[in-house]
Amino acid sequence: MANQRIEGAVEEFEGKSQRGLGRLAGDGKLQVDGAIKEAGGRAKNAYGRVIDGLDGMVDKAPADLRAPARKGLDFAREKPLLTVGIIAGAAAVLSALGRKR
């Protein structure tokens, strides 16, 4: 299980608790902060699920491709924000190239 899934679950729980305390105390800022933390936890959990799924695919890859694929997954585990940024940038470039003119 990816560390992001564990961290995400903890962060999501903390956010729900914080939001609930804010609701009980009538503190709108605490509710908003809790909702933001909860959403961040959900995002980390989803990212971890993707990494876990890719990890299973790497195990099934041809032997000559396993080492580079494992290296890429290790990078994605260590630097999740950079990985998402790289993927978003690549998607934007490919989208721009595919547009009809």
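Student: In this predicted model, at roughly what angle do the axes of α2 and helix α3 cross, and within what distance do they come?

Tutor: The axes of α2 and α3 (residues 63-78) cross at roughly 170° and come within 10 Å.

Student: What makes α2 roughly antiparallel to α3?

Tutor: Angles over 145 degrees count as roughly antiparallel. The crossing angle is roughly 170°, and therefore α2 is described as roughly antiparallel to α3.

Student: Which residues make the contact between these two helices?

Tutor: From α2 the contact involves Y47, I51, L54, D55, V58 and D59, and from α3 it involves R66, A69, R70, L73, A76 and R77. By class, seven of the residues in this contact are nonpolar, five are charged and none is polar.

Student: Why is E38 called buried?

Tutor: A residue counts as buried under 20% relative accessible area. E38 has a relative accessibility of 5%, so it falls under that cut-off and is buried. E38 lies in helix α2, which covers residues 28-60. Apart from its neighbours within four places in sequence, E38 contacts E11, E12, G15, K16 and R19.

Student: Which other residues of α2 are buried, and against what do the buried residues pack?

Tutor: Besides E38, the buried residues of α2 are G34, G41, N45, Y47, G48, I51 and V58. The buried residues of this helix pack against α1 (3-25), α3 and α4 (80-98).

Student: How do you know that M57 is exposed rather than buried?

Tutor: The term exposed requires a relative accessible area over 50%. M57, also in helix α2, has 55%, and therefore it counts as exposed. Its C-alpha atom is separated by 9.4 Å from that of A69, twelve residues away along the chain.

Student: What makes up the largest nonpolar core?

Tutor: That core consists of five residues: Y47, I51, V58, L73 and A76. Both α2 and α3 give two or more residues to this core, and α2 supplies the largest share, with three. In soluble globular proteins, nonpolar side chains tend to be buried together. Y47, a member of the core, touches Q4, A76, P80, T83 and V84 when residues up to four places away in sequence are not counted.

Definitions and conventions. Residues numbered from 1 in each chain as written. Predicted model: local features only at pLDDT ≥ 70, side-chain atom pairs only at ≥ 80, totals over all residues. Heavy atoms only, no water. Helix = DSSP H or I, 4+ residues; strand = E, 2+ residues; numbered from the N terminus. Buried < 20%, exposed > 50% of the residue type's maximum accessible area, 1.4 Å probe, protein only. Contact = heavy atoms within 4.5 Å. Axes fitted to C-alpha atoms, helices over the stretch in contact; angles between N-to-C directions. Parallel < 35°, antiparallel > 145°, perpendicular 65-115°, else oblique. Nonpolar A, V, L, I, M, F, W, Y, C, P; charged D, E, K, R; others polar. Core = buried A, V, L, I, M, F, W, Y, C linked by side-chain atoms within 4.5 Å.
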